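Welcome! Take a moment to look over the chain and its fold before reading on.

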Amino acid sequence: MTQISTPVHPYYETPRTRCEFYRSICSLPTVIDPVTGRITMRAGLVGAVMMPTGLAEHVKTSLDVRGVAPLSIIGHPRTDMWTFLVRADIRPIGDPAEVARLWKARVVVIREGDIALPSPAPDSLMVRTWVSPATSAFRPSGAVVIASALSILRPAQR
C-alpha cells in the first residue's frame, strides 16, 4: 500500500519562536536570556499589575463582565500571584487610604524594570505560566485594572 499523506511532524516551540510570537503578534518588546531561555521585556509602554490570586480572580471576573478582553495574565503558582499585562497609564493615587488598601492587599504596579514572561524552556520550578495567554496587542488600561481592584477592596458602603 502506498502512503498518500505526508508524515506529521510534531511542532516544537522554542524560546526563540515564542519570543517572535510575543513580538510580532502581541507587540511585546521581548528578549531572550541566552543562558536560561527566560523571556523578558522591559516595562515602558506595557506595564504590569501584580496581585494575589484570590483578588486577581475577582478583578478578572469584573473585567470579563465589562467586556475588557482579551486579558493577558501571567500566573505565579509558587507565590500564588497573578500579573496583568496592562497599558502603562496608571497615575499616582492621591488618596492615602486607597494607597494603603492596595499595599495591604499586596497589589504591585510595575512601571519600570523587567517583566518575565512564560517561556517554553523547561521550568522544573514552574515559576510562571499563562492564566490567560497573550494573543494580541490589546492591553487593558492599567488604571482600569487598579480601579477594579480598589472597588473590590473598598469596605461596603453603609
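Here is a short tour of the chain, topic by topic.

This is a predicted model, in which local features need pLDDT of at least 70 and side-chain atom pairs count only at pLDDT 80 or more, while totals for chains, interfaces and linings use all residues. Residues are numbered from 1 along each chain as its sequence is written, and side-chain values use heavy atoms, leaving out hydrogens and water.

**Overall picture**

- You will find four helices and eight strands in the chain; helices (H or I, at least four residues) and strands (E, at least two) are DSSP runs numbered from the N terminus.
- Starting at the N terminus, the order of elements is α-β-β-β-α-β-β-α-β-β-β-α.
- The chain has 158 residues, of which 37% count as buried; buried means under 20% relative accessible area, exposed over 50% and partly exposed in between, with a 1.4 Å probe and protein chains only.

**An aromatic cluster**

- The whole structure holds two aromatic pairs; rings of Phe, Tyr and Trp (its six-membered ring) pair if their centres lie within 6.5 Å, and planes under 30 degrees apart count as stacked, over 60 as edge-to-face and the rest as tilted.
- Phe21 and Tyr22 make a tilted pair, 6.3 Å centre to centre with 55° between the planes.
- Tyr22 also pairs edge-to-face with Trp130, at 6.0 Å centre to centre and 70° between the planes.
- Because Tyr22 lies in helix H1 (residues 15-24) and Trp130 in strand S8 (residues 129-132), this pair ties together parts that are 108 residues apart in sequence.
- Phe21, Tyr22 and Trp130 form one aromatic cluster; Tyr22 and Trp130 are both buried, whereas Phe21 is partly exposed at 31% relative accessibility.

**Around Met51**

- Met51 sits in strand S3 (residues 46-52) and counts as buried because its relative accessibility is 0%.
- Leaving aside residues up to four places away in sequence, Met51 touches several others, including Val59, Trp82, Arg106 and Val145.
- The C-alpha atoms of Met51 and Thr83 are 6.5 Å apart, although the two residues are 32 residues apart along the chain.
- Arg106, one of the residues that Met51 touches, comes just after H3 and takes a positive phi of about 65°.

**Cysteines**

- The structure has zero disulfides (pairs of cysteine sulfur atoms within 2.5 Å).
- Cys19 is buried at 1% relative accessibility, and Cys26 is buried at 0%.

Methods
Contact = heavy atoms within 4.5 Å.
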